[in-house]
Amino acid sequence: MAETKHDLKEQVRELIYNTCIHLDDHQWEHWHDNCADNFNYAIRAFSPEVQADIKYHGGDKEYMQSITSMLSKHNSDQSPLRRHCTVYRVEVAADGRSAAAISSLAVYQTQLDGINSHVDAGTTSVFLVGRYNDKFIIDGDSIKFEDREVRLDTRRLDKGTHWPI
Amino acid sequence: MMSSRNHDQWNATPDLQQGEWVDSKIYSDEEIFEDELKKIWSKTWIPVCHESELKEAYSFRTMTIAREPVIVVRGKDMVVRAFLNVCPHRGNMIERRPSGNYKRGTPSGTPKTMTCMFHAWSFDMKGKCVNISRKAEGYQDRLNESQVGLRELKCEVYFGGFVWVSLNDDIGITVEEFAAGSLDVLAPSLNEEPLEVFHYHKAIIPCNYKLWHDTNCEFYHDYLHYHNRITGFNEAYFARKNSGFDGGHINVGSFEVQYDNYEGSHSREELSFPHLPPNHWYMIDMFPGVNFNLRGSALRCDLMTPLGPNSVMIEFRGLGLASDSKKDRQTRIDHHNSIWGPFGRNLHEDLLAVTGQGSSMHPMAESRKILHGRHENETIHDENGMRHYYEEWGKLLNRSPSNPDETFKPYPAFKEQEAQRAAAAGK
């Protein structure tokens, strides 16, 4: 039985929210599993300083897999990042084979070893705010990310991070 | 045999030669910081942006040098000029936006003028006052526009289109003279054709600005970077020369980076800069806090604005060729971001390290001896770059870097120091 648009919208929402948990908890493989083979990821922001759209990070599925697989080799700020995400809009194509969603995003960082652990560990601050602009491929029961743009409002990222947002 | 040390041992003068250590007070002391703003940052050439950020007539960029607000504008004649971003009337900051174009008017001002929103005094792109609101009613014939122009600053466009500004009217040297040959190694690559900024982001880091410059000046910290160890660390890497130039500038020679040694990464030989062999990597560190870093396909430039003894804003730019095809530009961006973006492999690691230094060398911290004593024939892991920088720093402030409460004494050459040391030891 064909899924109703309402059902598909719910499934898209559920996928976005579950992906937040995967990313929060560094379940990178689960995240990659939910991405189509032609998946593309980008973090972007408009810079009013140089009047240009700036791509900060990103690549295809293979690149993002290599990024996450190499994390243990790098020195990273291990301060946890937690997402608060609200899916604002989901639109399913008329043929039911693709969808797009816009979600509002805030990412909080709770200090662990980023500055001075004795003093700062446990302190939570806003790391960034922005939006997820997502596109999905729907194939029967399967819904996968085809494209994720993390569109940042925050442009002062200070130390930055090695982790995908 | 001594292993860990007690307080006196910890604070003892290191058994090293002059210049081979500095007192951490130079990274944390408020008085020294103020001295630096006055005697260094207010006196020298500082690159503030790139000309590609001012493409059209009437475009502007704003910035700060030594706490002074600065505006850079491109005039109708396409000349780039710099002014204090301060209205001569009541001292308001004239322009609050980071960038824009004056072809359009502002709520208080007419098009093609810089207008102070406070009382609508207006200035043209050459800094001449063109409007004093209700002048005759208020000033009668006691004051006119010719007496209240903007404060113009020394400004040059030099080295691949970077815009350099000096607050010092009496600087007396050009940027080329100031660079003292340190830029020559990259001049053919950067001057061949126009460049364009494709990346900008900024960070405010709780550490002294010199700690970031030190990190850019020494490569011994490649132990911090898995990427650099796996793509470098061979004979050619360890042979890279670290060369000093007059004025405290240095540059670091090149070698061929083995990008494909990093899992998931590929050689960058498909795309380079003019006259730069594929996959090569040069670095220039200019006094007092500028870095040009060319890795084959992407040029990075770090510009620093010191905010306090324990706070610095770093602006990171990535540049390619203005003539890039869409595909080449994207390749440069991806190469740049993989290590140098805010989510890149190396930049995050560098910033974590200097944040840690800032945490242990804050203004109220006990002074520490910071070692700059590695000698490896002025190659990549030699710390001569930092020694060279602090010799210039000591001269300009007339403070000894290893004891900043004492006056500066010129560093004898290392060989002379070694001879003195041997003589003292009776060898």
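In which loop of chain B is the place of Asn377(B)? The tour returns to that residue at its last stop.

**Before starting**

The model is predicted, with ipTM 0.96 and pTM 0.96. For chain B the mean pLDDT is 95, and 99% of its residues reach 70 or more.

**Stop 1: the sheet of chain A**

Select the strands of chain A that form an open sheet of 6 strands, in the order β2-β1-β6-β5-β4-β3, with mixed pairing. At the edges are β2 and β3 (81-92) of chain A, each of which pairs on one side only. From one strand to the next, the twist averages 20 degrees.

Next, select β5 (residues 124-139) and β6 (residues 142-152) of chain A, which pair in the antiparallel sense over 10 bridges. Within this pair, Asn133(A) stands opposite Glu149(A) in β6(A).

Move to β1(A) and β2(A), an antiparallel pair with 8 bridges. Here Tyr41(A) stands opposite Gly59(A) in β2(A). The two strands form a hairpin with 4 residues between them, and Gln51(A) in the turn has a positive phi of about 50 degrees. Helix α3 (residues 61-69) of chain A lies across β1 (35-47) and β2 of chain A, running at about 80 degrees to β2(A).

**Stop 2: where the chains meet**

Display both chains together. The contact takes 29 residues from chain A and 29 residues from chain B. On the side of chain A that touches chain B, β1, β2 and α3 of chain A each supply at least two residues. The largest share of that side, 5 residues, comes from β2(A).

**Stop 3**

The domain assignment divides chain B into domain 1 (54-158) and domain 2 (174-397). Their centres, taken over C-alpha atoms, are separated by 35 Å.

Select helix α9 (residues 326-340) of chain B. At 1.5 Å a residue, its 15 residues should span 21 Å, and the end C-alpha atoms are 20 Å apart, which agrees. Its buried residues include Arg332(B), His336(B) and Trp340(B). The buried residues of α9(B) pack against β2 (52-60) of chain A, and also against elements of chain B, among them β12 (195-205), α7 (226-231) and α10 (345-360).

Continue to α10(B), whose 16 residues should span 22 Å at 1.5 Å a residue; the end C-alpha atoms are 24 Å apart, which agrees. Among its buried residues are Leu347(B), Leu351(B) and Val354(B). The cover over the buried residues of α10(B) includes β12, α6 (209-217), α7 and α9 of chain B.

**Stop 4: backbone details in the loops of chain B**

Most residues other than glycine have a negative phi, and most peptide bonds are trans.

- Phe287(B) and Pro288(B) are joined by a cis peptide bond, with omega about 0 degrees. Pro288(B) is found in the loop between β15 (281-286) and β16 (290-295) of chain B.
- Lys112(B), which is not a glycine, has a positive phi of about 70 degrees. Its place is in the loop between β6 (99-101) and β7 (114-115) of chain B. Lys112(B) counts as partly exposed because it has 18 C-beta neighbours inside 10 Å.
- Asn377(B) has its place in the loop between β19 (369-371) and α11 (384-397) of chain B. Its phi is near 55 degrees, a positive value in a residue other than glycine. With 9 other C-beta atoms within 10 Å, Asn377(B) is exposed.

How values were computed:
Residues numbered from 1 in each chain as written. Chains lettered and ligands numbered in written order. Predicted model: local features only at pLDDT ≥ 70, side-chain atom pairs only at ≥ 80, totals over all residues. Expected span 1.5 Å × (residues − 1). Buried ≥ 20, exposed ≤ 12 C-beta atoms within 10 Å, placed from the backbone. Contact = placed C-beta atoms within 7 Å. pLDDT = per-residue confidence, 0-100. Domains from an automatic or database assignment. Pairing = 2+ DSSP bridges. Axes fitted to C-alpha atoms, helices over the stretch in contact; angles between N-to-C directions.
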